[in-house]
Amino acid sequence: MTGPVLVAVDLPHVNEQKSIIEEAARLASLDNLTLNLITVIPDYDMSYVGGFFKEDAIHRVLEETSDKLYALTKELLGPDQKAHCIVSKGKAYEEILLAAEKVDASLIVIGAHEPKNKRFLLGRTAARVMRHAHCSVYVVRD
């Protein structure tokens, strides 16, 4: 690998995400690559639901989510780890793909929950990222 590693983090399921982040950090360290962590919050302000939130609600959610992602990064990887945190809003797979292009990632690491229906191999977001990514995608089962 030559470019950064991007790992998608689903903060509401933080316990399942720890092994995914640690695996991404391990892969990045193999070639001394930069590790980027991204988490995506839903974009409520463009929908009907957005009318029920105060104007600064999304801004506050972005700030709090950023703080949580930085804290998780320090907890799992230590304060000396060179990692960049990205918080975005929108559709998860689209934002992950945009971030991968922006940082010129050579690898995307993403988790895949065990599907309830065994006919499906991957979750919706992981499958879309794999289908549309312009770089390698490493799927970690949690």
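Student: Is Glu75 buried or exposed?

Tutor: This is a predicted model, in which local features need pLDDT of at least 70, side-chain atom pairs count only at pLDDT 80 or more, and totals for chains, interfaces and linings use all residues. Residues are numbered from 1 along each chain as its sequence is written, and side-chain values use heavy atoms, with hydrogens and water left out. Buried means under 20% relative accessible area, exposed over 50%, and partly exposed in between (1.4 Å probe, protein chains only). With a relative accessible area of 54%, Glu75 is exposed.

Student: Which side chain meets that of Glu75 in a salt bridge?

Tutor: A salt bridge requires a side-chain nitrogen of Lys or Arg within 4 Å of a carboxyl oxygen of Asp or Glu. Here the N to O distance is 3.6 Å, and the partner of Glu75 is Lys18. The pair links distant parts of the chain, 57 residues apart: Glu75 lies in helix α2 (residues 57-77) and Lys18 in helix α1 (residues 14-30), where helices are DSSP runs (H or I, at least four residues) numbered from the N terminus.

Student: How many salt bridges does a search of the whole structure find?

Tutor: Glu23 also forms a salt bridge, with Arg26, their closest N and O atoms being 2.7 Å apart. These residues are separated by about one helical turn, because they are three residues apart in helix α1. Glu23 is buried at 17%, whereas Arg26 is partly exposed at 40%. The number found in the whole structure is two.

Key. Helices (H or I, at least four residues) and strands (E, at least two) are DSSP runs, numbered from the N terminus.
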